[in-house]
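The following exercises are to be worked with the sequence and the three-dimensional structure in view. Each task is followed by a solution in steps.

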Amino acid sequence: MMQAQLNLTTMVNHAEKYFADKTVISRTLGGVQTIPYRKITERIRRLAGVLKDLGVEKGDRVGTIAWNHHRHLEAYFAIPTMGAVLHTINIRVSPDDLAYIINHAEDKILLVDEDLFPLIERVKDQIAGVEKIIVMTDKDELPETTLTNVASYEVLLKDADPGTELCEDINENDMAGLCYTSGTTGRPKGVAYSHRGIYLHSLALGLKDTVGLSEEDIAMPVVPMFHVNAWGMPFAALWFGTTQVLPGPMPTPQILAELMEEHKVTMAAGVPTIWLGFLEALENGNYDTSSLRCILCGGSAAPKGMIRAFESKYKIPFVHAYGMTETSPIVTLARLKSYQQELDEEERLELRSRQGMVVPGIEVKGINENGEIPYDGETIGELLVKGPWIADSYYKNDRSADSFRDGWLHTGDVINIDEEGSVKIVDRTKDMIKSGGEWISSVDIENALMAHDAIYEASVIAVPDPKWQERPVACVVLKEKEALTEEDVKQFLEPQFAKFWIPDRVLFMEEIPKTSVGKFLKRALRDQVKEMLSLSDPS
Ligand code: ADP
């Protein structure tokens, strides 16, 4: 067979040639615009030309600080196809981490949204290595600043060559992307994505048994383009000629619902917190979501109650998936096998709320102190992953050996695997609760709580206990106008769990602290609970 290199230039060429009339619907501060791929690919070439003129060379990192919109999509392709590395920066990290990430990546150029420019202003004295800051804005004028190396994206593009050649000879193992994962301990760690990894991951997104992304879809990545490349969707979508709806700055659940209705979105992807908010919007508004064939949900466990609500009440098929920054991210996806369709509704729901079957191309296993765990749906162990779109180290980081050993990525997630091979994330290693020598899954209790009609969200953490070492405490946010007592909550859980699983305390809160990508921030929650209970810190 021919040794064709698997790189992003192939993707742009394909979209340019075959899908010129397909469109990207992009929401920016200036409004919503519909742009044909013809224009997008021309602008990709222009941007590649701009970067060349600015002296960006092969392998240089170009950072983006931006929402999901067409300019960010252009950067997604222009940067890697001119030979450089697309470094997507999480907009929600602390100023200190922001400066660290930019310096660690040695970003030469930054592409920054106009409304996110203040983030850069705050760290401008700490990022001396950045040569140019390009502001992505619909306006003619640039934000006010004392920085002298600032330019306008649109002005640069206007003067650039629309026929700029993209690199055809990119080695598939060259770095195309870089993304830092917000570690719970220490500094963020970088994950480098190769052209080959992105290419193969994109193909996997197109498989019918995974996401089944195709030309006929109208796809809306709600998951930010600054978080694991919006789960790789923009790459696959442009390549496949999929219509994309990019929801832009600070999309509220109402904005998402309006965009979905107006543009007849067929599939959308995001974390559970997004879909919780979206459910509320559906409950309070009157939106037509009948075009949706799939809501893809991952990043943290999708509560069973939420899956049920989407499917029974709104008839929106809900697909639960699992992955991490280190895995591009798709690893497993909960779809039923054909013969499992005959199970009763509860059993099907149970299976669909697991993280699911490994996607073709990737291998998984669980290990504990006795070796590889059996497929019995009970024995727990740490999830190990390998495959062509799984990282093999952290970028320029000597802590890599902790996670990457013996040819496997050690995920830090605790799983069981059922007889059919379906993976269930029981917890993260560090969030499991060990009470009297027995393990309690915080995730299972959280899911049970979130299935209660009056509960909006819930998070369960360990607190130290003199007798049992650790005991669970539940933190609960009620839906508006709902009232429950601590006793009500415990009674609700009692029939569902062994006695020792029932949390000792139920604390009612206004809000559960979240990470930059909307996951429960258990570290902060532990501090908050410690204060509330005046206990010593469990960690
Ligand atoms: P971070 O590690 O900073 O949270 P990632 O987005 O890479 O950033 O998170 C990966 C982790 O998220 C996984 O290791 C796992 O613990 C959790 N996760 C992802 N998807 C799911 C899911 N569907 N169910 C439960 N946990 C999930």
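**Exercise 1. Determine how the residues that line the second largest pocket divide by class, and which element gives the most to that lining.**

Solution. The model is a predicted one, in which local features need pLDDT of at least 70 and side-chain atom pairs count only at pLDDT 80 or more, while totals for chains, interfaces and linings use all residues. Residues are numbered from 1 along each chain as its sequence is written, and side-chain values use heavy atoms, with hydrogens and water left out.

Step 1. The residues of the lining divide into 14 nonpolar, nine polar and four charged. Here Ala, Val, Leu, Ile, Met, Phe, Trp, Tyr, Cys and Pro count as nonpolar, Asp, Glu, Lys and Arg as charged, and the others, Gly among them, as polar.

Step 2. In total, 27 residues line the second largest pocket, and Arg 92, Pro 251, Thr 273, Ile 274 and Gly 518 lie nearest its centre. A pocket is an open set of points on a 1 Å grid over the protein atoms alone, with protein on both sides within 12 Å along at least five of seven lines; a cavity is a set of points where a 1.4 Å probe fits but cannot get out, and lining residues have an atom within 4 Å of a point.

Step 3. Two or more residues of the lining come from each of α10 (253–263), α11 (272–284) and β25 (455–465). The largest contribution, three residues, is that of α11. Helices (H or I, at least four residues) and strands (E, at least two) are DSSP runs, numbered from the N terminus.

Step 4. The volume of this pocket is about 620 Å³; a volume is the space filled by probe spheres set on the grid points, which are joined across faces, edges and corners.

**Exercise 2. State how many cavities of 30 Å³ or more there are, and describe the lining of the largest cavity.**

Solution. Step 1. The count comes to three cavities of 30 Å³ or more.

Step 2. The largest cavity has a volume of about 90 Å³. Its lining consists of 13 residues, and Thr 28, Leu 29, Asp 113, Glu 114 and Met 136 are the closest to its centre.

Step 3. By class, four of the lining residues are nonpolar, four are polar and five are charged.

**Exercise 3. Identify the residues with the most contacts inside the largest nonpolar core, and list what Leu 111 touches.**

Solution. Step 1. A nonpolar core is a set of buried Ala, Val, Leu, Ile, Met, Phe, Trp, Tyr and Cys residues joined through side-chain atoms within 4.5 Å. Buried means under 20% relative accessible area, exposed over 50%, and partly exposed in between (1.4 Å probe, protein chains only).

Step 2. The largest such core has 88 residues, and Leu 47, Phe 77, Leu 111 and Leu 296 have the most contacts inside it.

Step 3. Not counting residues up to four places away in sequence, Leu 111 touches Leu 47, Val 62, Gly 63, Thr 64, Ile 65, Ala 75, Ile 134, Met 136 and Tyr 153. Contact means heavy atoms within 4.5 Å.

**Exercise 4. Explain what the aromatic pair of Trp 275 and Phe 310 ties together.**

Solution. Step 1. The structure holds 11 aromatic pairs. Rings of Phe, Tyr and Trp (its six-membered ring) pair if their centres lie within 6.5 Å; planes under 30 degrees apart count as stacked, over 60 as edge-to-face and the rest as tilted.

Step 2. Trp 275 and Phe 310 form an edge-to-face pair, with 6.4 Å centre to centre and 90 degrees between the planes.

Step 3. Trp 275 lies in helix α11 and Phe 310 in helix α12 (residues 304–314), so the pair ties together parts that are 35 residues apart in sequence.

Step 4. Trp 275 is buried, with a relative accessible area of 0%, and Phe 310 is buried, also with 0%. Ring pairs link Trp 275, Phe 278, Phe 310 and Phe 318 into a cluster.

**Exercise 5. Is Met 250 buried or exposed, and where is its place?**

Solution. Step 1. The place of Met 250 is in the loop between β11 (243–246) and α10.

Step 2. Met 250, a residue other than glycine, has a positive phi, near 35 degrees.

Step 3. With a relative accessible area of 59%, Met 250 is exposed.
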